[in-house]
Amino acid sequence: MNLRDKVVIVTGATSGIGESCALAFGKAGAKVAITGRSQVKVDNTLVKLQQAGVESIGVLADAGAEEDNKKMAAKVKSHFGKIDILINNAGISMRALFEELDTAVFHKVMDTNFWGTVYATKYCLPEILEQKGSIIGVSSINGYRGTPARTAYTASKYAMNGFMESLRTEVMKRGVHILVACPGFTASNIRNNALTADGGSQGESPRNEDDMMTADEVAQHILKATLKRKRDLVLTREGKLAVFLNKWIPGIMDGIVYNHMAKEKESPFK
């Protein structure tokens, strides 16, 4: 697969994995459309893309709003003439015990992570079917293994994985490639912006991010998997081990995961 003159949409591309994907796919020859909820942040990322020589546009859009996604797909089609690849990256995390969690926070996470993927895919699918392109879901190891104090995030990623698997089967005879990419812990701002029980921002990551895979590394893995039209991508040794062990010893994994997450800074289990 050659990305020269392909049109790629990356949702939630103003930081982290999304921004890194926009740069990686753009440098590989694609024309890139990015989305974000802040015009300032969208403009900042566009500057980086343009400095890298990437033909790009920005669309102000809330991933969890259906009408925003509809307008986004229409604007990209109007500007570039087609859509080849959709990277469903927009996402938000949370950290709170379920018993203390405001259900509005649960809705917010599901709206962004799951419904955002559904909406963007719905309105980009006709073009991607015509181009025999790719749909990519940036999921998580949490799409395979739930973690305590992240019930909403885990639910959203399980839902994304199931949606992608079902859709992949629907379009498998029509030349469309669907990739589910599941990074492990990645050094990005997703934990800083994670929602707390009442919907406030966590503000500081509870984990040491120095030894984590970088967003740029994740983006390169996603780029290579897309070019090879892979079905699944599970990243980091820890992530691959978690998926493997959860399949074969799920009961034991409950205890392992609990103890691991309880060691986080200011863990709600302490």
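1. Strand E3, residues 56-60, is mostly covered, with four of its five residues buried. The model under review is a predicted one. The partner of E3 is strand E2 (residues 31-36), and the two pair in the parallel sense through five bridges. Within this pairing, Ala-33 has Ile-57 of E3 as its bridge partner.

2. E5 has a parallel partner in strand E4 (residues 85-88), to which four bridges join it. Between E4 and E5 the chain runs through helix H4 (residues 103-131), giving a right-handed β-α-β crossover.

3. E5 also pairs with strand E6 (residues 177-182), again in the parallel sense, over five bridges. In this pairing Gly-137 stands opposite Val-180 of E6. Together with helix H5 (residues 151-171), the strands E5 and E6 form a right-handed β-α-β unit.

4. When residues up to four places away in sequence are not counted, Thr-117 touches Asn-88, Thr-112, Met-160, Phe-163 and Met-164.

5. The loop between E5 and H5 contains Gly-146. With neighbours within four places in sequence left aside, Gly-146 is in contact with Thr-154, Tyr-158 and Val-257. The C-alpha atom of Gly-146 is separated by 13 Å from that of Arg-95, the two residues being 51 apart along the chain.

6. Helix H6, residues 215-227, has 13 residues and reaches 18 Å from its first C-alpha to its last, close to the 18 Å expected at 1.5 Å a residue. The buried residues of H6 are Ala-215, Val-218, Ala-219, Ile-222, Leu-223, Ala-225 and Thr-226. Why do these residues count as lying on the same side of H6? They do so because they cover an arc of only 165 degrees around the axis. Just after H6, Arg-229 adopts a positive phi of about 50 degrees.

7. The cysteines were examined for disulfides, and the count is zero. For Cys-124, the closest cysteine sulfur is that of Cys-21, at 15 Å; a disulfide needs a pair of sulfur atoms within 2.5 Å, so this separation is too far for a bond. Cys-182 is likewise in no disulfide, with the nearest cysteine sulfur, again that of Cys-21, 13 Å away.

8. Are these two cysteines, Cys-124 and Cys-182, buried or exposed? Cys-124 counts as buried because its relative accessibility is 0%. Cys-182 counts as buried because its relative accessibility is 1%.

Key: Residues are numbered from 1 along each chain as its sequence is written. This is a predicted model: local features need pLDDT of at least 70, side-chain atom pairs count only at pLDDT 80 or more; totals for chains, interfaces and linings use all residues. Side-chain values use heavy atoms; hydrogens and water are left out. Buried means under 20% relative accessible area, exposed over 50%, partly exposed in between (1.4 Å probe, protein chains only). The expected span of a helix is 1.5 Å times one less than its number of residues. The arc is that of the directions from the helix axis to the C-beta atoms. Two strands pair if DSSP finds at least two bridges between them. A crossover is right-handed if, with the strands pointing away from the viewer, the path from the first strand over the helix to the second runs clockwise. Contact means heavy atoms within 4.5 Å.
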